[in-house]
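Here are a few exercises to work through with the model open on your screen. Try each one yourself before reading the solution.

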Amino acid sequence: MLFHVKMTVNLPLDMDPAKAATLKADEKELAQRLQREGSWRHLWRIAGHYANYSVFDLPSVEALHDTLMQLPLFPYMDIEIDGLCRHPSSIHSDDR
Ligand SMILES: O=C(O)C[C@H]1C=CC(=O)O1
């Protein structure tokens with residue numbers, strides 16, 4: 001199943017810079033592992049915002065929920081999710 005996910009990060013302004021740096025480094029490591037494994041298909045910065053648009057390929061809504069909850073920055077994110085299905089006018093034969 002494909003999911004379009006918008007993540008907006010809101011780190012507290014008074015967060016210890018070392019803690020913020022650790023959270024971002026841990027987030028990057030996990031995000032890159034999930035991309036290499038294929039479940040995090042796309043990761044795009046939204047220009048001008050500390051936010052991203054992502055596409056996840058996961059077997060269920062529960063798997064998406066569990067994946068998002070693992071993210072080190074999850075406690076500081078607003079997350080919006082849309083489920084995706086094939087458009088009848090799409091010319092692509094697979095979902096990539
Ligand atoms: O920077 C972000 O958009 C938040 C998060 C998503 C991947 C990552 O490395 O950080």
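**Exercise 1. Which residues surround the ligand, and how do they divide into nonpolar, polar and charged?**

Step 1. Start with the shell: the ligand is surrounded by Val9, Glu27, Lys28, Ala31, Trp40, Leu43, Arg45, Tyr50 and Asn52.

Step 2. Keep the ground rules in mind. This is a predicted model, in which local features need pLDDT of at least 70 and side-chain atom pairs count only at pLDDT 80 or more, while totals for chains, interfaces and linings use all residues. Residues are numbered from 1 along each chain as its sequence is written, and side-chain values use heavy atoms, with hydrogens and water left out.

Step 3. Now sort the shell: five residues are nonpolar, one is polar and three are charged. Here Ala, Val, Leu, Ile, Met, Phe, Trp, Tyr, Cys and Pro count as nonpolar, Asp, Glu, Lys and Arg as charged, and the others, Gly among them, as polar.

**Exercise 2. Find the side chains of Arg45 and Asn52: how far is an N or O atom in each from an oxygen atom of the ligand?**

Step 1. For Arg45, a side-chain N or O atom is 2.7 Å from a ligand oxygen.

Step 2. For Asn52, the distance from a side-chain N or O atom to a ligand oxygen is 2.8 Å.

Step 3. Next, look at cover. On its own the ligand has 280 Å² of accessible area, and the protein covers 88% of that (Shrake-Rupley method with a 1.4 Å probe; for residues, only the protein chains shown count as cover).

Step 4. Which elements give two or more residues to the shell? They are α1 (17-37) and β2 (40-45). Helices (H or I, at least four residues) and strands (E, at least two) are DSSP runs, numbered from the N terminus.

**Exercise 3. Place Asn52 in the chain and decide: buried or exposed?**

Step 1. Asn52 belongs to strand β3, which covers residues 51-57.

Step 2. Asn52 counts as buried because its relative accessible area is 7%. The cut-offs: buried is under 20% relative accessible area, exposed is over 50%, and partly exposed is in between (1.4 Å probe, protein chains only).

Step 3. The Asn52 side chain also makes a polar contact with the side chain of Ser54, at 2.7 Å. A polar contact is a pair of N or O atoms within 3.5 Å; within protein, one must be able to donate a hydrogen and the other to accept it, and residues adjacent in sequence count only if both atoms are side-chain atoms.

Step 4. Val55 lies in strand β3 too, and with a relative accessible area of 16% it is buried. Between Val55 and Leu43 there are 12 residues in sequence and 6.9 Å in space, C-alpha to C-alpha.

**Exercise 4. Step back: how many helices and strands does the chain have, and in what order do its elements run?**

Step 1. Count two helices and four strands.

Step 2. Read from the N terminus on, and the order is β-α-β-β-α-β.

Step 3. The C-alpha trace spans about 50 × 25 × 20 Å along its principal axes, and 31% of the 96 residues count as buried.

**Exercise 5. How far from Asp82 is His4 in sequence and in space?**

Step 1. His4 sits in strand β1 and is partly exposed, because its relative accessible area is 26%.

Step 2. His4 and Asp82 are 78 residues apart in sequence and 5.1 Å apart in space, C-alpha to C-alpha.

Step 3. Leu34 is buried at 8% relative accessibility, and its C-alpha is 9.2 Å from that of Thr67, 33 residues away in sequence.

Notes
A residue is near a molecule or strand if one of its heavy atoms lies within 4 Å of it.
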